[in-house]
Amino acid sequence: MAGTRTYRYALEVRWTGNTGEGTRTYTSYTRDYVIAEGAKPPLAGSSDPAFRGDPGRYNPEEMLLGALSACHMLWYLHLAAEAGIVVTDYTDRPTGTMEVGRGGIGRFTAATLRPRIVVAAGADLALADSLHGPAHQRCFIANSINFPLEIAGEVSVAPSSAA
């Protein structure tokens with residue numbers, strides 16, 4: 001395919017949960033791990049607490065939601081800059097639903113992004129709101145999932161600063 005570029009990504013995911021017995025029993029180890037890449041700070045992970053994980057660490061399901069949200073945000077900011085819309089704040093609170101069936105086999109069934117975007121005075125709010133569609137279409141992570149992703153965004157104008 002003409003114009004296709006390929007990018008490769010590599011990480012180290014290292015299990016750190018051997019408490020001395022390895023996986024001798026289901027309860028003899030922790031689900032802790034570290035994700036690392038080069039000089040970047042390590043990311044501490046574990047399984048969801050429902051699956052014997054550490055609630056103080058990110059679990060894979062949260063990281064999937066974070067990847068979806070961050071990808072959408074980065075494309076949205078890109079498109080806003082191209083459209084001349086000055087974004088001054090962007091916050092998202094994504095949610096997702098996962099079902100686990102027989103044999104412990106689970107999958108995400110839906111996710112929703114809820115970006116709250118603040119734009120500078122004078123921005124075209126309708127245009128700012130419309131950028132969610134193209135941002136979703138261009139998001140690499142959204143294009144890689146097999147479950148519905150809803151975008152429930154809200155755009156508002158930054159309050160005027162007092163002189």
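Arg 24 counts as exposed, at 64% relative accessibility. Exposed means over 50% relative accessible area, buried means under 20%, and partly exposed lies in between (1.4 Å probe, protein chains only). Arg 24 meets Glu 21 in a salt bridge, 3.7 Å from N to O. Glu 21 is partly exposed, at 45%.

A quick word on the model. It is predicted: local features need pLDDT of at least 70, side-chain atom pairs count only at pLDDT 80 or more, and totals for chains, interfaces and linings use all residues. Residues are numbered from 1 along each chain as its sequence is written, and side-chain values use heavy atoms, with hydrogens and water left out.

Back to salt bridges. The term means a side-chain nitrogen of Lys or Arg within 4 Å of a carboxyl oxygen of Asp or Glu. By this rule there are six. Which residues share partners in one network? Take Arg 57. Arg 57 bridges to Asp 54, with the closest N and O atoms 3.8 Å apart. Salt bridges that share partners join Asp 32, Asp 54 and Arg 57 into one network. The bridge from Arg 57 to Asp 32 has its closest N and O atoms 3.7 Å apart. Asp 32 is buried, at 13%. Arg 57 is partly exposed, at 21%.

Now the disulfide. The structure holds one. Cys 71 is joined to Cys 139, S to S 2.4 Å; the cut-off for a pair of cysteine sulfur atoms is within 2.5 Å. The torsion about the S-S bond is about 140 degrees, so this disulfide is right-handed. Both cysteines, Cys 71 and Cys 139, are buried.
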